[in-house]
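Please keep the model in view while reading.

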Amino acid sequence: MADTELSGYLHERFSKNFQVSVFDNPELVCSSPTQRNPDVIIVDETVNGIYGSELCSEIKADTCMCNIPVILLISLCDSESYLAHIGCGADKVELRMINVCKLKADIIALINHRAAQKERLKEFAAATLPANHSEKVSQGDSDAILIDKIQKCLEKNLSSEKYTVEMLCADIGMSRTAFYNRVKFIVGKSPTNYILSYKMGIAKTMLASRQYNVSEIATLLGYCDAKYFGKKFKEFYGISPMQYVRDVMG
């Protein structure tokens with residue numbers, strides 16, 4: 001928003017319930033590291049000479065942000081004006097002078113919808129795990145039990161960006177050194193590489209299903225943004241997620 005009066009008012013009303021960032025430069029919406037993976041983006045009708053509908057289209061065309069709900073504010077809500085703006089991909093088109101309680105309700109509804117979408121993604125990922133990531137464990141029952149416990153912990157914390165190897169060790173009840181040596185002995189990989197291969201296997205299966213986009217998969221797997229996820233996928237498989245879908249899947 002470039003309208004400081006309106007943005008200031010909304011910031012004041014919403015900051016008690018949400019963490020709010022205000023940008024008057026449209027380029028910062030997609031590039032600012034402080035705005036990674038926001039729950040909702042609200043775009044004014046015009047922002048420093050750029051139409052809000054154009055900015056909405058840019059957001060929805062960005063693989064890193066296309067899954068983020070966008071509310072577009074407009075001045076007129078007649079049929080012609082509404083139809084002219086709805087094609088930009090905005091999830092909601094609302095009047096600039098909308099009742100703030102209704103706008104808050106819209107934001108909460110979009111956040112809840114996205115949370116439900118994440119749960120469906122988790123269910124899909126969980127259903128793919130047995131066929132997708134079965135490690136060959138032949139040393140003994142205790143090794144199989146440990147790998148099962150590790151996979152359950154990873155599944156439970158799949159979307160957590162800050163779930164570290166140290167946290168996994170604590171959940172398993174082992175020191176980092178003992179955990180590293182045990183995992184390395186069982187599967188021939190360090191815990192970090194094991195976690196990476198676990199997530200990449202899920203990513204590959206989800207891409208193959210063609211039911212989910214790169215941004216959705218990145219969010220499910222706990223990556224800060226789709227670009228970083230794409231980088232890790234390419235490092236692991238030697239091909240970008242989009243290239244995999246386009247070239248490998250046909």
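Isoleucine 71 has lysine 92 as its bridge partner in E5. The model is predicted, so that local features need pLDDT of at least 70 and side-chain atom pairs count only at pLDDT 80 or more, while totals for chains, interfaces and linings use all residues. Residues are numbered from 1 along each chain as its sequence is written, and side-chain values use heavy atoms, with hydrogens and water left out. Helices (H or I, at least four residues) and strands (E, at least two) are DSSP runs, numbered from the N terminus.

**The sheet**

- Three strands make up an open, parallel sheet in the order E1-E4-E5, where two strands pair if DSSP finds at least two bridges between them.
- Strand E1 (41-43) and E5 are the edge strands, each pairing on one side only.
- From one strand to the next, the twist averages 25°; axes are lines fitted to C-alpha atoms, for helices over the stretch in contact, and angles run from 0 to 180 degrees between N-to-C directions.
- Strand E4 (residues 70-74) is joined to E5 by four bridges, and leucine 72 has valine 93 as its bridge partner in E5.
- Helix H3 (residues 52-61) packs on the sheet and touches E1 and E4, its direction making about 170° with that of E4.
- E1 and E4 run parallel and are joined by three bridges, with isoleucine 71 in E4 as the bridge partner of isoleucine 42.

**Burial of E4**

- Five of the five residues of E4 are buried, where buried means under 20% relative accessible area, exposed over 50% and partly exposed in between (1.4 Å probe, protein chains only).
- Val70, Leu72 and Ile74 point one way from E4, whereas Ile71 and Leu73 point the other way.

**Lysine 92**

- Lysine 92 lies in strand E5 (residues 92-95).
- Lysine 92 counts as partly exposed because its relative accessibility is 32%.
- Not counting residues up to four places away in sequence, lysine 92 touches Val70, Ile71, Leu72, Asp106 and Leu110; contact means heavy atoms within 4.5 Å.
- Between lysine 92 and isoleucine 107, the C-alpha to C-alpha distance is 9.5 Å, at a sequence separation of 15 residues.

**Cysteines**

- The structure holds zero disulfides, a disulfide being a pair of cysteine sulfur atoms within 2.5 Å.
- Cysteine 56 is in no disulfide, and its nearest cysteine sulfur, that of cysteine 88, is 4.1 Å away.
- Cysteine 56 counts as buried because its relative accessibility is 0%.
- Cysteine 153 is also buried, with a relative accessible area of 15%.

**The second largest pocket**

- The second largest pocket holds about 390 Å³ of space.
- On a 1 Å grid over the protein atoms alone, a pocket is an open set of points where a 1.4 Å probe fits, with protein on both sides within 12 Å along at least five of seven lines, and lining residues have an atom within 4 Å of a point.
- Grid points are joined across faces, edges and corners, and a volume is the space filled by probe spheres set on the points.
- Its lining comprises 18 residues, of which Glu161, Tyr163, Ile195, Lys199 and Tyr223 lie nearest the centre of the pocket.
- Helix H9 (191-209) and helix H11 (226-237) each supply at least two lining residues, and H9 gives the most, with four.
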